[in-house]
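Please keep the sequence and the structure in view while reading.

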Amino acid sequence: MATISSVLSPHLLQYPKKSVAIQPQSSNLPFVFLKPGPFRISFGFRALPQVLNPSTRLFAVAEEASVSTKSEAARRLYIGNIPRTVNNSELQGIVEEHGAVEKVEVMYDKYSGRSRRFAFVTMTTVDDANAVVEKLNGMQIGGREIKVNITEKPLQGADLSLLQAEESQFVDSPHKVYVGNLAKTVTSETLRNLFSEKGKVLGAKISRVPGTSKSSGFGFVSFSSDEDVETAISSFNNTLLEGQKIRVNKA
């Protein structure tokens with residue numbers, strides 16, 4: 001073990017008349033106290049100054065988080081009815097012609113790996129997001145008319161709890177159909193009741209604009225077998241449901 005004299009220079013071994021703090025350049029490293037009297041070395045860590053009291057600081061952090069969430073929601077776009085063949089890079093190439101893109105996420109089914117025909121795109125600024133809605137909403141991509149809108153203000157309280165409960169009750173399955181062009185009045189229960197006429201339904205749900213109760217205009221129905229899926233498609237594709245002709249195909 002090295003002796004103190006081999007570590008410290010001779011002039012530092014002199015007894016100082018009062019405590020001296022030697023502070024290193026990095027705030028993450030310990031500093032050394034040299035105390036008068038018999039020579040001692042002690043180590044400590046510099047405490048951060050308390051600028052705000054705890055309650056004020058917590059309020060400030062919460063307020064910053066709230067502002068950040070609202071800002072991102074105003075820049076986040078829902079893009080629906082896109083062709084299954086469109087991937088993240090292709091969609092980014094289309095969108096960035098009208099503004100700076102921060103993130104693109106095409107949604108895929110976890111069982112089949114197929115595109116669910118919608119995506120979320122976060123733009124760099126609110127102005128960019130508004131420009132994309134203006135330019136691309138209703139535009140044809142691969143023969144499909146896409147829908148583009150800004151995601152809405154998140155739900156709070158009881159409404160959010162109800163939607164979370166609805167989502168948790170959905171029984172997923174690899175045997176599933178996509179149901180598109182739904183009227184805004186169609187509920188998950190409506191889908192379940194309709195498709196139960198032709199097969200054993202495990203779960204049914206309406207897709208909603210994230211964090212809101214607003215229907216995205218499509219949903220999913222899961223079954224126990226591929227036979228039920230084929231029967232559902234042949235029975236309900238292009239039929240009327242609450243005034244609108246629905247599209248039914250494998251999810």
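## A network of charged side chains

Asp 109, Asp 172 and Lys 176 are joined in a network of salt bridges. A salt bridge here is a side-chain nitrogen of Lys or Arg within 4 Å of a carboxyl oxygen of Asp or Glu. Side chains of opposite charge can pair when their charged atoms come close.

The model is predicted: local features need pLDDT of at least 70, side-chain atom pairs count only at pLDDT 80 or more, and totals for chains, interfaces and linings use all residues. Residues are numbered from 1 along each chain as its sequence is written, and side-chain values use heavy atoms, with hydrogens and water left out.

Lys 176 counts as buried because its relative accessibility is 8%, and Asp 172 counts as partly exposed at 26%. Buried means under 20% relative accessible area, exposed over 50%, and partly exposed in between (1.4 Å probe, protein chains only).

The whole structure contains four salt bridges. In one of them, the side chains of Glu 102 and Arg 75 meet at 3.1 Å, N to O. This pair links distant parts of the chain, with Glu 102 in strand β5 (residues 101–108) and Arg 75 in helix α2 (residues 54–75), 27 residues apart. Helices (H or I, at least four residues) and strands (E, at least two) are DSSP runs, numbered from the N terminus. Glu 102 counts as exposed at 51% relative accessibility, whereas Arg 75 counts as buried at 12%.

Glu 230 forms a salt bridge with Lys 250, and their closest N and O atoms are 3.1 Å apart. Here helix α7, which holds Glu 230, is linked to strand β15, which holds Lys 250, across 20 residues.

## A four-stranded sheet

Four strands form an open sheet in the order β11-β12-β10-β15, with antiparallel pairing. Strands β11 (201–208) and β15 (247–250) stand at the edges with a single partner each, so one side of each has no neighbour in the sheet. Two strands pair if DSSP finds at least two bridges between them. Strands β10 (residues 176–180) and β12 (residues 215–223) pair over five bridges, and Tyr 178 stands opposite Phe 220 in β12.
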